[in-house]
Amino acid sequence: MTDPSTPGIGAAEMQVQAPKRSPWRNVSIVWLIPVLALAVSLAVAWRTFSERGILIRIDFENAAGVTAGETAVRYRDVAIGVVEKVGFSSDLARVVVSARIDKTVAPFLDDSAQFWVVQPKVTAEGVSGLSTVLSGVYIEGTWDKTPGAPQDQFKGLEEQPLVDPNEKGTRVTLRAGDGQAITGGSPVFYRGVRVGRTETPRLDASGAVVLVEAFIEAPHDRLLTTATRFWNASGFSVSLGAGGLKLDVGSLAALISGGVAFNTFFTGGQPVKTGQVYDLYDDETVARENAFSRVSSNTITVGTVFVGGVSGLTTGSALFYKGVKIGEVGAISAFVTGEDRQMEVHQLVSLDIDPKLLGLQASATLPDVLEFLEAAVASGVRARLTKANLLSGSLIVEFAEVEDAKPAELEPDAKPYPLVPSVESDLQDVNATLEGVMKRVNALKIEDLIQQAISTLATVESFASNKELREVPKSVVELLDKTRDLVASEDIQALPGDLRQTVEELRDTIAQIRQDGVVARLVSVLESADVAMANISLASQEVPALVEDVRAVAAKARDLPLQDLVDSATGLLQSADALIDTDAARALPASLNASLDEMRILLSELREGGAVANTNAALASARSATESLERATANLPQLTARLDQLVARAEGLVAAYGDRSDFNAETLSMLREVRAAARSITALTRSIERSPNSLLFGK
Amino acid sequence: MTADAGLPAQAPAARGDAHRAGSAAQVLTARDAGLVACTGCGRVYRATQARCRRCGARLSSRDETSLQRVWAWWLAGLIAYIPANLYPMLKTTTMGHELSSTIVGGVIELIDYQSYSVAVIVFTASVVIPICKFIAIAFLAYSVQFRRGRGRGGLARQHLYEMVEFIGRWSMIDVFVVAILSSLVQFQFVASIHPGIAAVSFALSVAFTMLSAQSFDSRLIWDADEAEDT
């Protein structure tokens with residue numbers, strides 16, 4: 001239709017279009033659509049790719065409920081990734097979870113990152129992770145807020161770490177003698193308010209000390225100063241003191257999982273930083289006693305010399321002045337003076353004094369303190385050892401005002417410390433005695449005490465269950481019956497009547513002789529006498545039989561295992577008395593504390609069970625022993641009374657016979673033996689009645 | 001829609017013959033006769049006429065940009081179809097579990113649940129039909145552009161084209177299901193369904209392929225047929 005070769009020359013009317021069409025003219029605008037679609041697709045793809053998180057690997061011991069493609073990884077309960085793969089490590093020892101984590105958090109995944117699987121958990125302190133019951137488990141991560149060198153390999157934790165790196169607070173280390181009362185997650189209390197928690201106790205490298213990391217949450221961590229004291233607030237504590245029996249029970253949670261409490265008993269401490277190490281005291285009282293500011297910024301050291309032993313004085317022992325603690329013992333060293341023969345051991349004790357507690361300026365220097373002490377010494381103040389208290393064996397140093405003290409002066413220039421003159425403690429002897437007692441008390445093992453009590457109880461039990469003992473009452477009753485039979489026997493009953501009759505007749509005869517003349521009556525008198533004699537001889541013939549009977553009875557009585565009984569009773573009494581009279585028993589209140597401490601340990605072992613059952617069984621057997629003993633001895637006093645009665649009667653009877661007959665003597669001695677036996681039985685009964693009770697009370 | 005349909009008087013028999021024979025060899029086309037039909041209302045004009053006097057549509061004997069537009073829409077559709085398969089179609093949240101499934105993933109899941117019939121329906125509607133459409137359109141455009149059709153394939157290609165046009169709209173059934181599900185299943189925590197990126201791109205893909213099919217000038221089938229014959 002067009003002729004591009006001849007434009008404008010001919011066929012001008014045919015020239016309707018440009019001679020040369022751009023190839024683009026034919027390109028439809030629709031092509032923009034696929035270009036646009038491609039652009040959009042690429043943009044979406046690029047965005048997806050760029051937003052695609054990094055892949056991290058987390059090793060878990062086990063990964064219950066973790067599902068590839070479903071289980072979310074969360075940070076502060078916001079999903080930041082998802083598990084892509086769940087596999088095993090090369091040796092199948094661990095589960096390796098590969099998760100894709102949002103890019104925005106990737107820079108924070110440094111060595112502070114911790115991951116754990118959140119599962120529903122019920123503990124003494126509550127229920128957590130309940131939402132995972134419906135939604136399934138998820139992996140929670142936590143890390144600090146500063147980006148570090150990113151990692152992509154992590155070790156998963158078994159459970160949620162006690163302290164979130166993001167949580168504000170202070171982490172301190174507690175040093176304890178044993179970690180029995182503390183478990184991971186035990187609460188930390190301040191005045192009964194929960195302000196933190198502990199981690200699981202661990203041993204230090206040497207194994208001598210238990211270290212517990214505790215975390216005090218902000219803002220409560222500002223309550224911590226260098227003057228803060230921690231103590232074990234686990235469960236409950238029982239203490240017996242001047243104020244009576246005291247029972248402290250913490251929260252129920254603390255009872256189960258243990259707990260730690262802290263308080264600051266005095267001011268002046270410095271703020272602490274993470275990592276501060278504290279001692280963990282056994283209880284609040286001890287912590288309070290140790291509240292002297294060892295951390296006091298300004299301590300003045302003086303010294304004093306004691307002659308003789310300072311056993312019981314240790315580093316940290318208190319230094320008192322007028323009943324106020326002003327410092328503590330720093331170091332104790334010994335030196336020897338004199339020649340071979342007159343060698344004397346002196347103890348140089350350094351005393352760290354806090355001037356503030358002495359009423360001086362906190363910033364007081366050594367001369368200020370020395371000036372103060374010089375005046376004090378001039379007015380009779382001397383260093384003296386004294387007992388910390390009556391029960392404990394420990395010594396303290398006090399600056400006491402000693403009347404009629406030998407003149408002495410402060411030695412401000414002595415080396416290594418200025419020396420305060422000391423006096424021998426006037427309580428030395430008492431102290432020594434007390435010390436001795438206390439030593440023995442200290443040496444006393446409460447287990448031994450209990451062991452002794454148990455063995456005593458066992459003796460009592462075996463004694464009470466002794467068959468012979470049970471048979472005693474029966475035999476005695478038998479004996480009584482026989483004696484009664486004897487007394488009631490006609491022969492005996494008849495004797496006095498016959499005798500009286502004879503006497504009457506004799507009296508009549510004499511009267512008649514007086515009246516009627518001797519000879520005439522003599523015959524009849526003699527006859528009567530004959531009759532009487534015959535009667536008497538008749539009676540006398542019966543007497544040997546009677547004596548035989550009584551002898552048999554006596555033999556029986558002798559055969560009774562009374563001696564054994566008395567022996568065992570005596571033995572028992574002796575052991576009981578020994579128990580009661582021991583210093584141990586007297587010191588029982590003091591020992592009780594120790595015992596109760598042990599009980600606490602015992603209680604903490606209760607979870608393993610058995611102990612209570614054993615104790616109950618022991619107590620039950622002790623009780624049953626006591627009961628059977630009581631049953632067995634209930635009749636004894638009565639029996640004794642009857643025996644007494646019998647003896648009285650028999651004595652009355654026998655008295656009628658006169659003093660010298662063999663029968664009389666034998667019967668009497670027999671009866672006395674019986675009575676003695678009865679009395680010993682009574683005494684035994686009383687002792688037994690008393691001693692089991694005291695034993696039980698003692699325990 | 002054939003160009004011949006607009007031919008008023010000439011050789012109706014020949015037209016019938018052509019249909020019967022499956023060949024356009026003896027057919028006199030409108031273009032050959034110097035005529036052009038309005039694709040809007042069917043009125044026939046001389047080839048010099050630029051616009052339909054009746055309906056105002058632009059008249060052209062053959063749409064020269066048709067193949068370009070076919071290819072352009074086809075490509076756009078294909079591009080949109082890729083993310084439609086890679087990205088999740090549905091995001092189902094049940095009891096805190098979020099589950100997102102792609103089309104193929106959903107089909108596999110249905111098979112897992114042994115809902116074979118539903119799986120077949122979804123697979124057919126979402127995978128088989130779109131892919132067949134891509135192939136069909138590409139085949140038509142290719143055969144027309146390079147005149148490589150079989151001699152007597154004109155009618156078959158015409159049928160294929162009609163089928164593609166007809167079936168195109170049904171591909172939207174997938175998108176429709178997603179739209180209904182996500183508006184109906186909204187029970188907060190218990191269960192909720194949200195459409196994923198794939199739903200959008202799948203809808204776009206279907207729309208693009210429909211436009212691609214529509215852009216195809218079916219008269220070209222016969223031109224190609226004739227070109228081969230000559």
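What follows is a short exchange about a predicted model with chains A and B.

Biologist: How many helices and strands does the secondary structure of chain A come to?

Modeller: Chain A has 699 residues, of which 26% count as buried. Among its contacts between residues at least 6 apart in sequence, 68% join residues at least 24 apart. Its secondary structure comes to 16 helices and 26 strands.

Biologist: And chain B: what pattern does it follow along the sequence?

Modeller: Buried residues make up 35% of its 230 residues. For contacts between residues at least 6 apart in sequence, 63% join residues at least 24 apart. Chain B has 8 helices and 5 strands. Read along the sequence, the pattern is α-β-β-α-β-β-α-α-α-α-β-α-α.

Biologist: Which helix gives the most to the side of chain B that touches chain A?

Modeller: The contact joins 15 residues of chain B to 14 residues of chain A. On the chain B side, the residues divide into 10 nonpolar, 4 polar and 1 charged. The element that gives the most, with 10 residues, is H2(B).

Biologist: Turn to helix H1 of chain A. Why do its buried residues line one face?

Modeller: H1(A) runs over residues 32-51 and reaches 28 Å between its end C-alpha atoms, close to the 28 Å expected. Its buried residues are A:Ile33, A:Pro34, A:Ala37 and A:Ser41. An α-helix has 3.6 residues a turn, so residues three or four places apart point the same way. Seen down the axis of H1(A), the buried residues line one face because they fall within an arc of 95°.

Biologist: What covers the buried residues of H1(A)?

Modeller: The other side of H1(A) carries exposed residues, among them A:Leu36, A:Trp46 and A:Arg47. The buried residues, including A:Ile33 and A:Ala37, have a cover that includes a helix of chain B. That helix, residues 66-86, is H2(B).

Biologist: Which strands are included in what covers the buried residues of H5(A)?

Modeller: H5(A) has 13 residues, 366-378, and reaches 18 Å, close to the expected 18 Å. A:Val369, A:Leu373 and A:Val377 are its buried residues. They fall within an arc of 70° seen down the axis, so they line one face of H5(A). Their cover includes four elements of chain A: S20 (300-307), S23 (344-353), S24 (381-387) and S26 (419-420).

Biologist: Which residue just after H5(A) takes a positive phi?

Modeller: The face of H5(A) turned away from its buried side carries exposed A:Pro367, A:Ala375 and A:Ala378. Just after this helix, phi is positive, at about 100°. The residue is A:Gly380.

Biologist: At what angle do H5(B) and H7(B) pack?

Modeller: H5(B) covers residues 154-168 and H7(B) covers 197-215. The contact is made by B:Val164, B:Glu165 and B:Gly168 of H5(B) and by B:Thr209, B:Met210 and B:Ala213 of H7(B). By class, these are 3 nonpolar, 2 polar and 1 charged. The crossing is left-handed, the axes are 9 Å apart and the angle is about 145°.

Biologist: Is A:Arg76 buried or exposed?

Modeller: A:Arg76 lies in the loop between S2 (72-75) and S3 (78-88) of chain A. It has a positive phi of about 50° although it is not a glycine. A:Arg76 has 10, so it is exposed.

Biologist: What phi does A:Asp77 have?

Modeller: A:Asp77 is in the loop between S2 and S3 of chain A. With 9 C-beta neighbours inside 10 Å, A:Asp77 counts as exposed. It is not a glycine, yet its phi is positive, at about 65°.

Biologist: Where is A:Pro219?

Modeller: The peptide bond from A:Ala218 to A:Pro219 is cis, with omega near 5°. A:Pro219 is in the loop between strands S14 (210-217) and S15 (228-232) of chain A.

Conventions: Residues are numbered from 1 along each chain as its sequence is written. Chains are lettered from A and ligands numbered from 1 in the order in which they are written. This is a predicted model: local features need pLDDT of at least 70, side-chain atom pairs count only at pLDDT 80 or more; totals for chains, interfaces and linings use all residues. Helices (H or I, at least four residues) and strands (E, at least two) are DSSP runs, numbered from the N terminus. The expected span of a helix is 1.5 Å times one less than its number of residues. A residue is buried if 20 or more other C-beta atoms lie within 10 Å of its own, exposed if 12 or fewer, and partly exposed in between; C-beta atoms are placed from the backbone. The arc is that of the directions from the helix axis to the C-beta atoms. Two residues are in contact if their C-beta atoms, placed from the backbone, lie within 7 Å. Ala, Val, Leu, Ile, Met, Phe, Trp, Tyr, Cys and Pro count as nonpolar, Asp, Glu, Lys and Arg as charged, and the others, Gly among them, as polar. Axes are lines fitted to C-alpha atoms, for helices over the stretch in contact, and angles run from 0 to 180 degrees between N-to-C directions. A crossing is left-handed if the near helix is turned anticlockwise from the far one by less than a right angle, and right-handed if clockwise.
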